[in-house]
Amino acid sequence: MSKRDLKKYLAELNKEQLEEQIIELYEKFVPVKTFYDFVFNPKEDKLLQESKTKISHEYFPIKKPNAKWRPKAKMRRSVAQKMIKHFIVLGVDPFIIADLMLYNIEIAQTFSSGNFVKQELFYKSILNSFEQAVNFIISNGILSEFKTRILEIQQQTIQQKWKNKYDFEAILDKIDL
């Protein structure tokens, strides 16, 4: 069904029928419920904090009580990417999305500063996240607010002697900082 056909169909319904359909969608589909729950009670700060906690546990997992050993860091970029995508779909404020994007990179760098990471994919993945974050920040016109953090991330790649540090620099060379 095209968007035009949908509009035509909805125009034919009365208010009660529209309300019934929306309630049915709300009850039947989790993404619709999530959307409406967020629209009427955003709690962006709480959502951001929960997301940051999940991301940090990817790198610094918490030892469960009575466990004999500490769990291994998973370092999955996909966890943060899903959260970022979810924030975008919900229409969360771009400042909060940008904060989460940069936090993801910063926590990975904090991990790599104290742990040797031999997987090349880790560094490539963080570079991709950095490029996406910078592009997002520029496209939303909020570069001046995040300039310091972006530069600090790039400096960390130099301090930690990342093999792809020049790729981070190349991304910043494309923009006027």
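The expected span of a helix is 1.5 Å times one less than its number of residues, where helices are DSSP runs of H or I with at least four residues, numbered from the N terminus. The model toured here is predicted, with pLDDT of at least 70 required for local features and 80 or more for side-chain atom pairs, while totals for chains, interfaces and linings use all residues. Residues are numbered from 1 along each chain as its sequence is written, and side-chain values use heavy atoms, without hydrogens or water.

Select α6, residues 94-114. Its 21 residues reach 31 Å from first to last C-alpha, close to the expected 30 Å. Of these 21 residues, 15 are buried (under 20% relative accessible area, 1.4 Å probe, protein chains only).

Next, select Asp-93, which caps the N-terminal end of α6 through a side-chain oxygen 2.7 Å from the backbone nitrogen of Phe-95.

Within α6, select Asn-104. Asn-104 counts as buried because its relative accessibility is 1%. Leaving aside neighbours within four places in sequence, Asn-104 is in contact with Ile-55, Tyr-59, Ala-80, Gln-81 and Ser-129 (contact meaning heavy atoms within 4.5 Å). Ser-51 is 53 residues from Asn-104 in sequence, and their C-alpha atoms are 9.7 Å apart.

Finally, select α2 (residues 15-28) and α3 (residues 30-40), whose axes come within 5 Å and cross at roughly 110 degrees (axes being lines fitted to C-alpha atoms over the stretch in contact, with angles from 0 to 180 degrees between N-to-C directions). The two helices are therefore roughly perpendicular (65 to 115 degrees). Ile-22, Leu-25, Tyr-26 and Lys-28 of α2 meet Val-30, Val-32, Lys-33, Tyr-36 and Asp-37 of α3.

Methods: Angles under 35 degrees count as roughly parallel, over 145 as roughly antiparallel, 65 to 115 as roughly perpendicular and the rest as oblique. Buried means under 20% relative accessible area, exposed over 50%, partly exposed in between (1.4 Å probe, protein chains only). A polar contact is a pair of N or O atoms within 3.5 Å; within protein, one must be able to donate a hydrogen and the other to accept it, and residues adjacent in sequence count only if both atoms are side-chain atoms.
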